[in-house]
Amino acid sequence: MTRAERIRALGLLAPAYLWLTVAVFLPLSAMAFFSLLTEVPFGEREWSFTIANYTEVFGNPVYATLLWKSLKLGFWVTFWCLVLGFPCAWILARMLKGRSREVLFLLVILPFWSNALVRIFSWAIVLRGNGVLDRAVNAVLPWDVNINLMFSEPAIIIGLVHSYLPYVILTTYLSLQAIDETLIEAARSLGARWPRILWRLVLPLALPGLIAGAVLVFVPVVGSFMEPRLLGGRFGTTYGTLIEDQFVAVFNWPLGAALSFILLAVVLVILAAASPALRKAAT
Amino acid sequence: MIVVARAYLGLILVFLYAPIIVMGVMSLNASEFYALPFDFSTEWYERLFANEEVLAASWRSVWIALVVATVATTLGTMASLALWRHDFPGKRILQALLFPPIAVPWLIIGTAMLVFFFGIGLGRGTPAVVLGHVALALPYVIITVTARMQSFDRALDEAARSLGARSWTVARKVILPYASPGIIAGWLFAFAVSFDQFVVSYFLAEPGDSTLPVLIYTAIRKGFTPEINAIATIIIAVSMTLMIVAARFARFGGTR
């Protein structure tokens, strides 16, 4: 690379990366700083360094309970996304061809690019007592049942699975599509049955895609607050809503920053653990 | 087997689309409590278009998204062309840096932006929202444009140069036209990221000066009305249409 080229590359790259620095990387570092303060350092307020926010979080079991609840929520949503998404990706990648595949693929991915808040809101209409699901089930069944899933744990899981299912389908689809057909044929001609082919051949080859999908679901779900709030009501207190409250209701920003920073640490550990699979899935 | 497969896919599609369709239908139902039988009415849409607050928030959301998409596409295209064209030490690090804005939960990024923007005296408001949205949209633009350039035949670049074209001319006449479907798709993705963005806007928007998703969230928490149904239906129709257009340009999942 010549000097002129280097300057040109720098000129092209600098604006985008400066922007990312100011709007993402500096804020994330600033949050670490904030989490170590007694007070927000604006205006005339007195502030000093402290680790009280962290001792508060680690000392009070309420925070650990909520973090655990969010992690469990992330686990269940990821589980259902994988269980529902894998067959779907398999059908799209290996059983359909040409135009019908293209159209169905787009239909599956499309909701993922539409407004998340609005989709959660649409579930509120469906799930509430005397709502659409309740009526539909009662119209079919001869006896009366009362389905009111709204403001419950299952409602949160349904809404979140709906939000993140397309992620898993997309990443799994990409890794399934890359599997060489002749491998499967070879296994079959050697007498392997389908369960064995799935378990010993397809699943290992699709694993990077499944892991990538799982991470892309798990991480945002652990940090979710809008979905539990809207669909969970009273049951919807999670680690995410706890952070939200510190910033918009209680106004204890240093504590909120400490909570956010702990969540960031958890997320980074997960991302680091999954990074070999993520890298494999990206290529 | 193929019948079972199609049935399964059908069920997944019902799961994905039924609530959205129900919402759309209910936005045209006269009853406020979603009562059946269905009674067609455009009342909620009429009320919606008379609601100043919603109209102002919609307009704000649209123009923020337009500004964000344009800025992010310009900066993102520049960066991705540099990443595509040149090899230099640290390139992999620069590419890896694109992932935090996508992978870190928006709750963390949103709250971090809030404290930082207050720290530097910018505070809440539309400039903060734009600053934040552009950063979230940039990685999507860079990834989309870079994906498009992967299929570029570098011989074209060399041919143009050997015919005496200067690098600016090559960029303008050869590279940019080739990149344009990726750039258009990137612009549409950036628009969608901003227009649909709730979490980051929620922390950065000034109360009373909010974007549409923030307004909807506040309204739902106060107790929702079918007017919300109507605006939600419009939003989903707009963003889905945009994405169909974007997919045509980006050719997602196309036949290989």
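A helix crossing counts as left-handed if the near helix is turned anticlockwise from the far one by less than a right angle, and as right-handed if clockwise. By that rule, α3(B) and α9(B) cross right-handed. This is a predicted model, so local features need pLDDT of at least 70 and side-chain atom pairs count only at pLDDT 80 or more, while totals for chains, interfaces and linings use all residues. Residues are numbered from 1 along each chain as its sequence is written, chains are lettered from A in the order in which they are written, and side-chain values use heavy atoms, leaving out hydrogens and water.

**The helix pair in chain B**
- Helix α3 (residues 52-85) of chain B packs against helix α9 (residues 167-196) of chain B at about 140°, with the axes 8 Å apart.
- That angle makes α3(B) oblique to α9(B) (angles under 35 degrees are roughly parallel, over 145 roughly antiparallel, 65 to 115 roughly perpendicular, and the rest oblique).

**Where the chains meet**
- Chain B puts 87 residues in contact with 82 residues of chain A (contact means heavy atoms within 4.5 Å).
- About 7,800 Å² is buried between chain B and chain A, with carbon and sulfur atoms giving 81% of that (buried area is the accessible area, with a 1.4 Å probe, that two parts lose on being put together, summed over both).
- There is one salt bridge between the two chains (a side-chain nitrogen of Lys or Arg within 4 Å of a carboxyl oxygen of Asp or Glu).
- B:Arg221 and A:Glu244 meet in a salt bridge at 3.6 Å, N to O.

**A:Phe42**
- Leaving aside residues up to four places away in sequence, A:Phe42 touches A:Phe34, A:Trp253, B:Val115, B:Phe118 and B:Gly119.

Technical notes
Axes are lines fitted to C-alpha atoms, for helices over the stretch in contact, and angles run from 0 to 180 degrees between N-to-C directions. Helices (H or I, at least four residues) and strands (E, at least two) are DSSP runs, numbered from the N terminus.
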